[in-house]
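Let's take a walk through this model together. Have the sequence and the 3D view open side by side, and follow along as we go.

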Amino acid sequence: MTGEKNKGGRPSLTEAQKNQRKEYLLQKLEPYLKSGLSVNKTLREAKVCNSEFYKFMTEDKLFREKI
């Protein structure tokens with residue numbers, strides 16, 4: 001052990017896991033957005049967490065552009 005305390009909670013995602021999750025969300029949201037629904041209605045219909053979506057929107061320019 002390195003002497004670091006376990007802070008508890010869920011471990012952070014790796015970059016590969018984040019990229020996989022973003023692609024999954026894009027595939028899930030795409031049909032709703034293409035049908036003309038607003039982002040809020042799309043998130044509700046696709047059952048996607050607002051905080052996760054907006055976190056990716058804030059952190060990733062490419063994700064934002066794809067949306």
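The axes themselves are lines fitted to C-alpha atoms, for helices over the stretch in contact, and the angles run from 0 to 180 degrees between N-to-C directions. Helices here are DSSP runs (H or I, at least four residues), numbered from the N terminus.

Some ground rules before we start. This is a predicted model, in which local features need pLDDT of at least 70 and side-chain atom pairs count only at pLDDT 80 or more, while totals for chains, interfaces and linings use all residues. Residues are numbered from 1 along each chain as its sequence is written, and side-chain values use heavy atoms, with hydrogens and water left out.

Let's begin with helix 2, which covers residues 39-46. Which of its residues are buried (under 20% relative accessible area, against over 50% for exposed and in between for partly exposed, with a 1.4 Å probe and protein chains only)? They are Thr-42, Leu-43 and Ala-46. These three cover an arc of only 100° around the axis, which puts them on the same side of helix 2. The arc is taken from the directions that run from the helix axis to the C-beta atoms. What do the buried residues of helix 2 pack against? Their partners are helix 1 (15-34) and helix 3 (50-59).

Take the helix 1 side to begin with. Two packed helices are described by the angle between their axes and the distance between the axes. The axes of helix 1 and helix 2 cross at roughly 130° and come within 9 Å. That makes helix 1 oblique to helix 2. Helix 1 brings Lys-28, Leu-29, Tyr-32 and Leu-33 to the contact (heavy atoms within 4.5 Å), and helix 2 brings Val-39, Thr-42, Leu-43, Glu-45 and Ala-46.

Helix 2 and helix 3 pack at an angle of about 130°, with axes 10 Å apart. They are therefore oblique to each other, and this crossing is right-handed too. Val-39, Asn-40 and Leu-43 of helix 2 make the contact with Asn-50, Phe-53 and Tyr-54 of helix 3.

Between these two helices sits a loop, and Lys-47 is in it. Most residues other than glycine have a negative phi. Phi of Lys-47, though, is positive, near 55°. At 71% relative accessibility, Lys-47 counts as exposed.

On to helix 3, where Phe-53, Phe-56 and Met-57 are buried. Seen down the axis of helix 3, its buried residues fall within an arc of 105°, so they line one face of the helix. On the other side, Ser-51 and Thr-58 are exposed. What covers the buried face includes helix 1, helix 2 and helix 4 (61-66).

Helix 1 also holds Lys-22. Is this lysine buried or exposed? At 9% relative accessibility, Lys-22 counts as buried. Leaving aside neighbours within four places in sequence, Lys-22 is in contact with Phe-56, Asp-60 and Phe-63.

Finally, the rings. Rings of Phe, Tyr and Trp (its six-membered ring) pair if their centres lie within 6.5 Å; planes under 30 degrees apart are stacked, over 60 edge-to-face, and the rest tilted. By this rule the count comes to three aromatic pairs. One of them joins Phe-53 and Tyr-54, edge-to-face at 4.9 Å centre to centre with 80° between the planes. Phe-53 is buried at 2% relative accessible area, whereas Tyr-54 is partly exposed at 37%. Ring pairs link Phe-53, Tyr-54, Phe-56 and Phe-63 into a cluster.

Conventions. Angles under 35 degrees count as roughly parallel, over 145 as roughly antiparallel, 65 to 115 as roughly perpendicular and the rest as oblique. A crossing is left-handed if the near helix is turned anticlockwise from the far one by less than a right angle, and right-handed if clockwise.
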